[in-house]
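Subject: Structure handover and notes

Hello,

Here is the structure I said I would pass on. My notes on it follow below.

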Amino acid sequence: MIKYTRFLLTLLFSAVIVFAANAQSTTSSPYSRFGLGDISPQSTAQSLGTGGIGVATNRISLFNNINFLNPASYAAINLTTIDIGIYSNFSSLSQTGQTSQSNKNFRLSHIAFGIPVSKHSALSFGLLPYSERGYNYKKSVSSLGTSSPADTNTTNYAYNGDGGLSKAYIGYGFTVAKHLLIGGNVSYIFGNLKDNTTTETPDLAGFLNTKIEQTNAIGGLNYDYGLQYSIDLSQTKHVILGYSASAGSKLNSQSSFIVSHYTNDANGNPNIAVDSVINKQGSSVKLKLPQINRFGISFQNDGKFLVGADYSMGQWSNYSIDGQNQGLVNSRTINVGAQITPNIGTIRNYLATVDYRIGGIYDETYMVVNNTRIKRVAVTAGFGLPLRPNNGSFYKINFSAEVGKRGTLANGLVKENYVNLHLGFTLNDRWFTKYKFD
């Protein structure tokens with residue numbers, strides 16, 4: 001009874017914290033303006049340490065993990081598993097001719113549960129971020145677009161946005177045959193995305209400034225599915241082939257679109273809007289998500305080492321709102337990673353029981369800006385720190401760091417250098433067991 005109470009309280013407390021944390025903008029990248037924003041990695045701290053691989057991994061180093069990237073992996077869970085993570089981001093934005101800008105953000109990233117249902121199947125559910133939006137930048141043009149030498153007026157454009165989407169999921173994985181695992185998720189994606197644009201001409205007397213405000217309240221079902229096939233080379237060595245996908249589903253979006261005029265006071269601060277040229281509230285449209293396909297392969301020597309690679313393709317050229325294509329391009333991502341545990345069974349050398357992780361990421365994103373494909377490259381590293389078992393419960397603290405860059409200084413674009421830090425806590429325990437004697 002104590003364990004059941006602890007389970008429910010942990011679930012309630014963690015869910016409240018995650019919902020509150022995800023309500024705030026936790027990115028400061030101008031590239032989050034496009035599409036649905038920065039798409040969050042569907043990974044835990046341990047996976048991110050190995051470059052974000054996960055399509056062809058399940059139980060690693062004899063420890064149960066919750067793997068969002070492939071729901072087929074749930075079938076390998078044989079102990080009740082809880083995974084909670086926090087995330088921090090440090091970034092530096094640079095652009096030719098502009099002053100560099102530094103930002104930092106922090107949030108609780110996810111809460112997930114895995115519960116065995118039978119000897120060869122398990123249920124998983126949780127809450128994690130899906131995308132993030134947060135940007136604020138300005139651009140000045142030295143004329144009104146007339147290209148006339150006599151036109152000395154300056155036009156200032158300001159762009160800002162915030163919000164994000166979260167993903168609540170429940171999934172089930174089971175063993176079909178000795179070496180084949182199959183699983184699926186049903187997810188509810190929800191949240192708000194806000195974008196504002198202002199146009200000001202401060203040197204032109206009597207000129208009315210313009211503000212465009214657009215808000216989308218998004219919600220709807222999405223589906224993930226996957227499979228894994230294990231080839232046993234020996235009792236402890238395995239090659240795993242994996243495939244998973246996120247279906248191209250449609251979400252509901254309640255939109256608001258307001259265009260208004262305003263003036264500035266003597267200090268340059270905006271006054272109350274003098275009129276609303278356009279005011280459309282509560283328009284209901286459909287937002288079409290793309291199909292995302294993932295392929296993976298891994299080689300594992302149980303309790304000793306793991307190496308693997310994933311290849312993902314997102315059909316973002318099909319992304320549309322109210323039937324209107326949003327001008328994105330298909331994405332491609334390569335993840336590679338490895339983990340080694342020197343001696344998982346020793347009791348005399350703690351450092352030999354630690355999981356050491358390393359990886360790399362190459363990402364061709366769904367953005368083309370100023371005729372330039374926006375790419376991301378990163379290296380990752382991490383540790384899995386086991387804690388002393390307690391009455392059959394096993395604990396591990398996972399830490400990972402991702403150091404990378406996105407964008408370029410060419411064609412007037414922004415280059416973003418960043419460091420992402422992830423800290424996770426994983427529990428393996430035997431709950432919901434009916435004992436013969438109480």
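In what follows, contact means heavy atoms within 4.5 Å. Please keep in mind that this is a predicted model.

Overall picture

The protein has 438 residues, and 48% of them count as buried. Its secondary structure consists of two helices and 19 strands. Among contacts with a separation of 6 or more, 67% are between residues 24 or more positions apart.

I began with Asn 398, which sits in strand 18 (residues 393–407). Is Asn 398 buried or exposed? Its relative accessibility is 1%, so Asn 398 counts as buried, the cut-off for that being under 20%. Leaving aside residues up to four places away in sequence, Asn 398 touches Ala 45, Gln 46, Arg 357, Phe 383, Gly 384, His 422, Leu 423, Gly 424 and Thr 426. With Thr 426 there is also a polar contact between the side chains, at 3.2 Å.

Strand 16 and its partners

Strand 16 pairs with strand 15 (residues 331–340) in the antiparallel sense, over nine bridges. In that pairing, Ile 361 of strand 16 has Asn 335 opposite. Strand 16 also pairs with strand 17 (residues 372–390), again in the antiparallel sense, over 12 bridges. There, Tyr 356 has Phe 383 of strand 17 as its bridge partner; Phe 383 is also one of the residues that Asn 398 touches. Strands 16 and 17 form a hairpin with two residues between them. In the turn, Asn 370 has a positive phi of about 50°. As background for reading these strands, side chains in a regular strand alternate between the two faces of the sheet.

The second largest cavity

How many cavities of 30 Å³ or more are there? The count comes to six. I looked at the second largest cavity, which holds about 190 Å³ of space. Its lining is made up of 23 residues, and Thr 44, Gln 46, Ser 47, Ile 60 and Asn 65 lie nearest its centre. Gln 46 is also on the list of residues touched by Asn 398. Helix 2 (45–49), strand 16 and strand 18 each supply at least two residues of this lining. By class, the lining has 15 polar, five nonpolar and three charged residues.

Leu 36 counts as buried because its relative accessibility is 0%. Which residues does Leu 36 touch, not counting those up to four places away in sequence? They are Tyr 130, Ser 131, Glu 132, Arg 133, Leu 165, Leu 193, Ile 218, Leu 287, Leu 289, Trp 316, Tyr 319 and Tyr 366. Leu 36 and Tyr 130 are 94 residues apart in sequence, and their C-alpha atoms are 9.1 Å apart in space.

Strand 4 (residues 121–141) pairs with strand 1 (residues 38–39) in the antiparallel sense over two bridges. Ile 39 stands opposite Ser 131 of strand 4, and Ser 131 is also among the residues touched by Leu 36. Strand 3 (residues 101–118) pairs with strand 4 over seven bridges, in the antiparallel sense. A hairpin with two residues joins strand 3 to strand 4, and Ile 115 stands opposite Leu 123 of strand 4. Strand 5 (residues 155–175) is antiparallel to strand 4 too, with 20 bridges between them. In that pairing, Lys 139 stands opposite Tyr 157.

Strand 10

Strand 10 (residues 275–288) runs antiparallel to strand 9 (residues 250–262), and 11 bridges join them. One of the paired positions is Ser 260, whose bridge partner in strand 10 is Ser 276. Strand 10 is also joined to strand 13 (residues 320–321) by two bridges, with the strands running antiparallel. Here Lys 288 has Ser 320 of strand 13 as its bridge partner.

Regards

How values were computed
Residues numbered from 1 in each chain as written. Predicted model: local features only at pLDDT ≥ 70, side-chain atom pairs only at ≥ 80, totals over all residues. Heavy atoms only, no water. Pairing = 2+ DSSP bridges. Helix = DSSP H or I, 4+ residues; strand = E, 2+ residues; numbered from the N terminus. Buried < 20%, exposed > 50% of the residue type's maximum accessible area, 1.4 Å probe, protein only. Polar contact = N/O pair within 3.5 Å; in protein donor to acceptor, adjacent residues only side chain to side chain. 1 Å grid on protein atoms, 1.4 Å probe; cavity = no way out; pocket = protein on both sides within 12 Å on 5 of 7 lines; lining within 4 Å. Points joined across faces, edges and corners; volume = space filled by probe spheres on them. Nonpolar A, V, L, I, M, F, W, Y, C, P; charged D, E, K, R; others polar.
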